[in-house]
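Reader: I would like to learn how to read a structure of this kind. Please take me through it one feature at a time.

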Amino acid sequence: MEIAPTPQPVPLVYDIPFWESVKNKDMQLQRCADCAEWRYPAGPICSQCNSENAVWERVSGEAEILSWVVFHKTYLPAYPAPHKVIAVRLSEGPIMISNLEGKEPEGSWIGERVSLCYSEMPDGMILPRFALSE
Amino acid sequence: MVRKRSAAAIIGIGQTDWVTDWKRVRAGEKPADSVGYAAQAFQQALKDSGIPKGDIDGLIVGPTTAYERMGEVLGLNVRWGGQADAVQSVLQAHMAIEAGYAKVIALVYGNDQRSAGTQYGGPAAMGGGSFLSYVYHSPWGMTSQGALYALTARRYQEERGMTEADMGEVAVAQRAWASMNEAAIQRKTITVDDYIESRYVCEPLHVFDYCLVNDGGVALIIADAEYAKKMSPNPVSILGTGRSDLNTGATSLEPRLTDYYLPAQQQAGKDSYEIAGVGPEDMDGFLVYDSFSVHVPLALEGYGYTEVGTVKQFLTEQGIGPGGKLPVNTHGGHLSESYMQGWNHQLEAVRQVRQQAGARQIENAKTIHYTSDVAGKCMSIIYGR
Ligand SMILES: [Zn+2]
């Protein structure tokens with residue numbers, strides 16, 4: 001049986017260290033070396049203070065669900081319908097799109113606390129995902 | 001505010017027959033390409049304006065068509081030109097006329113998006129990397145324009161205390177308007193129950209929350225106010241415009257999920273109201289770019305038609321359909337008339353002000369408001385006489 005490839009990230013230029021860190025199950029985000037603002041997606045300068053100095057730092061992995069949707073139509077072979085997607089706010093500030101692993105909340109998902117985990121896709125790609133916090 | 005009032009007016013409108021376009025494309029035909037649809041619409045608009053073609057000295061072409069080819073086909077060697085989406089085309093024409101770069105500008109739009117199978121979702125989504133947030137989240141299976149609006153709608157509905165039935169009021173109202181519009185593709189009225197029972201595409205959005213992708217064309221002739229007064233029996237003036245963008249955090253969807261574009265809408269609205277000297281209470285009708293139904297409640301709050309937090313009451317108690325307090329998308333909008341990427345709304349504004357909207361005519365309409373919030377670029381145009 002053929003394995004549907006995981007859709008690849010676009011584009012890669014500033015995001016390479018992010019995806020490298022994910023591959024190592026050690027998710028890091030870019031952070032301004034001057035004003036400490038977290039950046040996601042990564043970029044060439046700080047949108048807050050214009051600094052070109054940046055570092056990569058591991059995130060806490062704690063987050064909260066902002067919204068969720070269920071695809072009832074299949075757009076991507078790797079994700080047949082019904083497929084669920086969440087938007088979370090990391091405790092560091094940025095919003096991330098991801099998927100919920102494991103148990104699902106009853107009723108509304110909004111406001112649920114979640115923690116970072118890593119999933120290995122059938123084609124071997126590692127994805128950062130989230131599971132309900134204990 | 002530096003801009004003078006009513007510098008430009010629309011003196012001609014044209015379109016292809018969207019219902020026929022729909023039927024032919026669904027039957028597997030390819031009646032025209034984008035240039036062809038635009039050219040047909042241009043012929044109608046030129047005829048409607050009654051002016052000689054030689055007076056046109058500006059050309060703006062919709063983003064889905066090659067500019068050079070369009071000028072070649074129409075035989076227009078202009079002294080000012082450009083390429084832009086619907087609302088930016090109107091604003092740019094207004095600016096060019098005011099700045100003296102052109103006197104009469106043809107705006108033409110043609111799109112073979114349906115027959116060409118244009119993808120607004122999936123890995124080959126239109127725009128791709130140039131509209132990063134369309135594709136940035138594809139590793140997690142988050143793709144398509146509708147899904148972005150579904151994420152917005154879910155959180156917005158919950159914050160505003162709206163049920164799916166409340167949300168359904170938008171699609172129901174627009175279908176009721178479309179039932180009175182012969183140019184609309186979907187004219188069978190629906191109830192809130194029909195809406196709730198309809199299938200989901202990306203939950204919480206139902207199929208009735210999505211625009212009707214179709215082939216077709218639209219054209220407008222916009223002229224300097226003096227010229228318009230002299231040459232046109234029924235010019236429709238651009239009384240005021242405004243624009244405000246929210247780009248910070250755009251890729252991570254911050255403006256969509258937490259601001260709902262409200263600050264930008266409020267600013268764009270304020271600017272246009274000041275220039276035109278009117279407010280939401282003076283509008284006879286409100287037209288909203290509605291690729292998805294959720295645009296409508298966002299705009300009702302963002303442009304001051306109802307207080308922020310009260311849109312549920314506005315939709316269910318005051319109403320936006322026929323007989324409601326505020327006529328909204330009286331042509332049926334993208335949900336029921338046709339997805340002409342905001343261009344069809346400009347035609348509806350002109351028809352309403354000209355009193356040419358037939359059965360759906362808003363009685364004695366003088367002032368019509370158009371707004372769009374596409375990807376956080378909030379724009380406001382006030383049309384009137
Ligand atoms: Zn900084």
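Predicted model: local features only at pLDDT ≥ 70, side-chain atom pairs only at ≥ 80, totals over all residues.

Reader: Which residues line the largest cavity?

Author: A cavity is a space where a probe fits but cannot get out. Here the lining takes A:F71, A:K73, A:T74, A:Y75, A:L76, A:Y79 and A:H83 from chain A, along with B:G141 and B:T143 from chain B. By class, these residues divide into four nonpolar, four polar and one charged.

Reader: How many cavities of 30 Å³ or more does a search of the whole structure find?

Author: The search finds two. The second largest cavity holds about 30 Å³ of space. Its lining consists of B:Q265, B:V288, B:Y289, B:H295, B:A299, B:Y303, B:T371, B:S372 and B:D373.

Reader: Now for open space. What is the volume of the second largest pocket, and which residues lie nearest its centre?

Author: A pocket, unlike a cavity, is an open set of points. The second largest pocket has a volume of about 790 Å³. Its lining counts 34 residues, and B:N247, B:T248, B:G249, B:A250 and B:T251 are the ones nearest the centre. Two or more lining residues come from each of β2 of chain A and, in chain B, α5 (132–135), β8 (236–245) and α10 (254–259). In chain A, domain 1 (12–58) and domain 2 (60–134) each give at least three residues to the lining. The classes are 15 nonpolar, 11 polar and eight charged.

Reader: Next, the metal. Which protein atoms are the donors of the zinc ion?

Author: The zinc ion has the SG atoms of A:C32, A:C35, A:C46 and A:C49 as its protein donors, at 2.3 to 2.4 Å. Along the chain, these donors follow the spacing C-x2-C-x10-C-x2-C. A:C35 sits in the loop between β1 (28–32) and β2 (38–39) of chain A, and A:C46 in the loop between β2 and β3 (54–58), so this pair ties together parts 11 residues apart in sequence.

Reader: Why is the arrangement around the zinc ion called tetrahedral?

Author: Four donors count as tetrahedral if all angles lie between 85 and 135 degrees. The arrangement is tetrahedral because the four donor atoms subtend angles of 102 to 116 degrees.

Reader: Are A:C35 and A:C46 buried or partly exposed?

Author: Buried means under 20% relative accessible area, and exposed means over 50%. A:C46 has 1% relative accessibility, so A:C46 counts as buried. A:C35 is at 35% and therefore counts as partly exposed.

Reader: How do I compare distance in sequence with distance in space?

Author: A:P7 and A:P77 are 70 residues apart in sequence, with their C-alpha atoms 9.0 Å apart. A:P7 lies in the segment before α1 (16–23) and counts as buried because its relative accessibility is 12%. In the second pair, A:G124 and A:I45 are 79 residues apart along the chain, and 32 Å separates their C-alpha atoms. A:G124 belongs to the loop between β8 (113–120) and β9 (126–132) of chain A, and at 35% relative accessibility A:G124 counts as partly exposed.

Key:
Residues numbered from 1 in each chain as written. Chains lettered and ligands numbered in written order. Heavy atoms only, no water. Helix = DSSP H or I, 4+ residues; strand = E, 2+ residues; numbered from the N terminus. Buried < 20%, exposed > 50% of the residue type's maximum accessible area, 1.4 Å probe, protein only. Donors = N, O, S within 2.8 Å, 3.2 Å for Na, K, Ca; no water. Tetrahedral: all angles 85-135°; square planar, octahedral: opposite > 155°, others 65-115°. 1 Å grid on protein atoms, 1.4 Å probe; cavity = no way out; pocket = protein on both sides within 12 Å on 5 of 7 lines; lining within 4 Å. Points joined across faces, edges and corners; volume = space filled by probe spheres on them. Nonpolar A, V, L, I, M, F, W, Y, C, P; charged D, E, K, R; others polar. Domains from an automatic or database assignment.
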